[in-house]
Amino acid sequence: MKARMNYFQTSPELAQKYTDFNMAMSKHPVTEELKHLVTLRASQLNGCAFCVDMHVKEAKIAGERELRLHHVAVWHESTLFSPRERAALAWTEALTRLPAHGVGDDVYDEARSHFSESELADLSFLIVAINGWNRLSVAFQAVPGSADKAFGLDKAGL
């Protein structure tokens, strides 16, 4: 695959603002706690090879167990995730897929049983952010692994 364009170079001001928005989330505990699972799952759903590659490497560097990374795709059937993580994954799927009639009360109520309003808002911004990155990377055919050195992902040893 060959990238169609480098949208960071083509639109540097907007790319920097979006990066700043993404970086601001690291100040929020819930997004730091769940970012690897959430970003990986949204990227899988969106078919973003660049982001799946990146988030697996980030998670491995952060110490996430490989088996859990493999199980993100089948989290509904897996016993490797806590109830809080499962609620976050369900919320991720609902916001990524956006059902025709909106996010159901059952998914919202389950998420609220595990997250405060503030945490759920922060988690939702994380999901919004990764969905945007996925769309940019898919549209412009970002090549998996092409930014490893720049992002320090070569340390993952994958």
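First, some ground rules. This model is predicted, and local features need pLDDT of at least 70, side-chain atom pairs count only at pLDDT 80 or more, while totals for chains, interfaces and linings use all residues. Residues are numbered from 1 along each chain as its sequence is written, and side-chain values use heavy atoms, with hydrogens and water left out.

**The overall build**

The protein has 9 helices and 0 strands. Helices (H or I, at least four residues) and strands (E, at least two) are DSSP runs, numbered from the N terminus. Read along the sequence, that gives the pattern α-α-α-α-α-α-α-α-α.

How big is the box that the C-alpha atoms fill? Along the principal axes, it is roughly 40 × 30 × 30 Å.

Buried residues make up 37% of the 158 residues. Here buried means under 20% relative accessible area, exposed means over 50%, and partly exposed is in between (1.4 Å probe, protein chains only). As for contacts (heavy atoms within 4.5 Å), take those with a separation of 6 or more: residues 24 or more positions apart account for 73% of them.

**Two nonpolar cores**

A nonpolar core is a set of buried Ala, Val, Leu, Ile, Met, Phe, Trp, Tyr and Cys residues joined through side-chain atoms within 4.5 Å. The largest one holds 16 residues, and Leu34, Val38, Trp91, Phe115 and Leu123 touch the most other members. Helix 3 (29-45), helix 6 (83-97) and helix 8 (117-139) are the elements that give two or more residues to this core. Apart from it lies another core of 11 residues, including Cys51, Met54, Ile130 and Ala147.

Zoom in on Trp91. Beyond its neighbours within four places in sequence, Trp91 is in contact with Val103, Val107, Tyr108, Ala111, Leu120, Leu123, Ser124 and Ile127.

**The largest pocket**

Rolling a probe the size of a water molecule over the atoms shows where empty space is left. The grid has a 1 Å spacing and covers the protein atoms alone; a pocket is an open set of points where a 1.4 Å probe fits, with protein on both sides within 12 Å along at least five of seven lines, and lining residues have an atom within 4 Å of a point.

The largest pocket has a volume of about 990 Å³. Which of its 33 lining residues are the closest to its centre? They are Asn22, Met54, Glu58, Trp133 and Phe151. Helix 4 (49-61) is one of the helices that each supply at least two lining residues, and the largest share, 6 residues, comes from helix 4. By class, the lining has 20 nonpolar, 10 polar and 3 charged residues.

**A few residues up close**

| Residue | Relative accessible area | Class |
|---|---|---|
| Thr92 | 0% | buried |
| Ser137 | 4% | buried |
| Val107 | 22% | partly exposed |
| Gln141 | 24% | partly exposed |
| Leu98 | 55% | exposed |

Thr92 sits in helix 6. Leaving aside neighbours within four places in sequence, Thr92 is in contact with Val38, Arg41, Ala42 and Ile127.

Ser137 belongs to helix 8. Ser137 and Ala49 are 88 residues apart in sequence, yet their C-alpha atoms are 8.4 Å apart in space. With neighbours within four places again left aside, Ser137 is in contact with Tyr7, Cys48, Phe50, Cys51 and Ala142.

Val107 is part of helix 7 (residues 105-114).

Now for some backbone angles. Most residues other than glycine have a negative phi. Leu98, in the loop between helix 6 and helix 7, has a positive phi, near 40°. Gln141, in the loop between helix 8 and helix 9 (148-151), also has a positive phi, near 50°.

Definitions and conventions
Grid points are joined across faces, edges and corners, and a volume is the space filled by probe spheres set on the points. Ala, Val, Leu, Ile, Met, Phe, Trp, Tyr, Cys and Pro count as nonpolar, Asp, Glu, Lys and Arg as charged, and the others, Gly among them, as polar.
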